[in-house]
Structures are given as structure tokens and as C-alpha cells.
Amino acid sequence: PNIITAILTLIIGLFLIRLTLKITKKRFERRNVDLSLRGFLMSIIQFILYTLLFLSIASNLGFKTTAILGALSGLVLAAGLALQGSLSNFAGGVLILLFRPFEIGDFIENNSGTSGTVDKIDLLYTSLTNSDGIKVFSPNGPLANSVILNYTKITNRKFEYVVGISYEDNIKTAQQIILNVLKSDSRVVDNPAPEVFVNELADSSVNLTIRGWANKSDYWSARNELQGTIKEALDKAGIQIPYPQQEMRIIS
């Protein structure tokens, strides 16, 4: 009877394993899970199911599975302690590949200051190329637990300057000159509208904050060129950008 039960368990178990793997594979395809993650997870699921089937058959044949489970538990515990950091990175890689906060080709930045274009997402590391052309390998564990800024997913991006003008100059005139420069540039979008306002009455100048939005494809060219254009327009109108200065009074 034990042998017959074991054979029936084997037949039913193999059928259930194939059915489970088939359903899981379809779920992964439907959710568009990354191919590398899909293969790894399928291997783990397959190993777990076959291990459970083996233990069930061994139990039906009269073997004591307690010793086998104890040995497996000790092996898993030892491997977990030895690969603690790698397992953390692996878990982070699984989360990144499942929830996709970024994809290959996206420009991202995390709260530790690491930024760059994503070249490859592995289970343990994500490789980036930063703005200096340097290859950066970021561990997936800290990366998945950090705040990630994805600049590729946005449509428009804000640029901001702070420009100081002299106390003798007219604030309204300076604001209008700067707004004219921003509105005349086709790279600056109308919504949200650009704005110029007094940010601070500093010791040597009245500081104006300049904000505008540009399409992400035009952001760097607009940001790098407009500041010089604004300076030239202010110079042409006679608006001074003063140096830091202090007033000294000599009392005889």
C-alpha cells in the first residue's frame, strides 16, 4: 500500500507541478515580468515544488523526513547568513524588476547622489552611465530602498535662477525684461507659465527668482543658454547686477 500511495502521489504531484508552472508562466507573461527575473523565479518555484513532492513520497514510503527538513533548514540558514548582503541586493533587484520604477534608458537619481542613464538591470546590481561618462554599478538593495528620481518619465522639467539687481533699479522693469526673454524663447512652455518674483532683499541686491519650464528634450539647452540671454538683456536695459558690497562710515 505504501508503494502504491507513493506512485499515486508521484503521478498526481507531477501533474500539479506542471499545471502550476504553466499557470505561473502565463501570469508572468501577462504582467510582462523581466525575462531574467522570470527564468530565475521559475527555477526557484520548480525547485520548491519538486522538493515538496520528494518529501511527500519519502513520507509515504515510511522514511522520517524530520532529519531531511532539519538538514535543509540548517543549509538554508547557513547560506542566508553567508550571503546576507547579496540576498538584500537580490531582493531589491526582484522589487525593481517587478514594479519597474525605472527602465533601461531612463535617467535616474537616488537620494545618495548617484545619477545616470540606466544601461542594464541585473538581479544584484544596476549599471548606470553618469553625465561624465563613467560606469556606475549601484547595488539593488540600497537602490530599491532609496528615493528614486526618474527624469525620463516626466514631460516638462523646471529650471530656476536667482539674479540680483541693484536697489536703485526698478523691480517691475527688470521683471518685465526677464519675462519677455522667457516668453520669446520657443523652448519655454506656456503652461506652467514662467514667473519672476522678489525672493530676498539681500545686503547688496534685490534677489529675483526666475522660474520656467521646458520640455525634457530641450531642458539642458534652455537652462544653459537662457541665463546668459537674461544677463545680456538686463545689461542692454541698464539694469545692474551688483557685486557684494558693504557700506563703511568713518566717524572722526
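Leaving aside its neighbours within four places in sequence, which residues is N130 in contact with?

1. The model is predicted, so local features need pLDDT of at least 70 and side-chain atom pairs count only at pLDDT 80 or more, while totals for chains, interfaces and linings use all residues. Residues are numbered from 1 along each chain as its sequence is written, and side-chain values use heavy atoms, with hydrogens and water left out.

2. N130 lies in the loop between β3 (125-129) and β4 (135-139), where strands are DSSP runs of E with at least two residues and helices are runs of H or I with at least four, numbered from the N terminus. Beyond four places in sequence, N130 is in contact (heavy atoms within 4.5 Å) with S115, G116 and V136.

3. With a relative accessibility of 19%, N130 counts as buried, a word that means under 20% relative accessible area, computed with a 1.4 Å probe on protein chains only. The side chain of N130 also reaches the backbone nitrogen of I134 at 2.8 Å.

4. Elsewhere, three strands form an open, antiparallel sheet in the order β6-β8-β7, where pairing requires that DSSP finds at least two bridges between two strands. The edge strands, each pairing on one side only, are β6 (156-165) and β7 (195-201). Between β6 and β8 (residues 206-215) there are 10 bridges, and E160 stands opposite R211 in β8.

5. Helix α6 (residues 171-184) packs on this sheet, touching β6, β7 and β8, and its direction makes about 15° with that of β8; such angles run from 0 to 180 degrees between N-to-C directions, with axes fitted to C-alpha atoms, for helices over the stretch in contact. Helix α7 (residues 219-236) lies across β6 and β8, at about 25° to β6.

Methods
Buried means under 20% relative accessible area, exposed over 50%, partly exposed in between (1.4 Å probe, protein chains only). A polar contact is a pair of N or O atoms within 3.5 Å; within protein, one must be able to donate a hydrogen and the other to accept it, and residues adjacent in sequence count only if both atoms are side-chain atoms.
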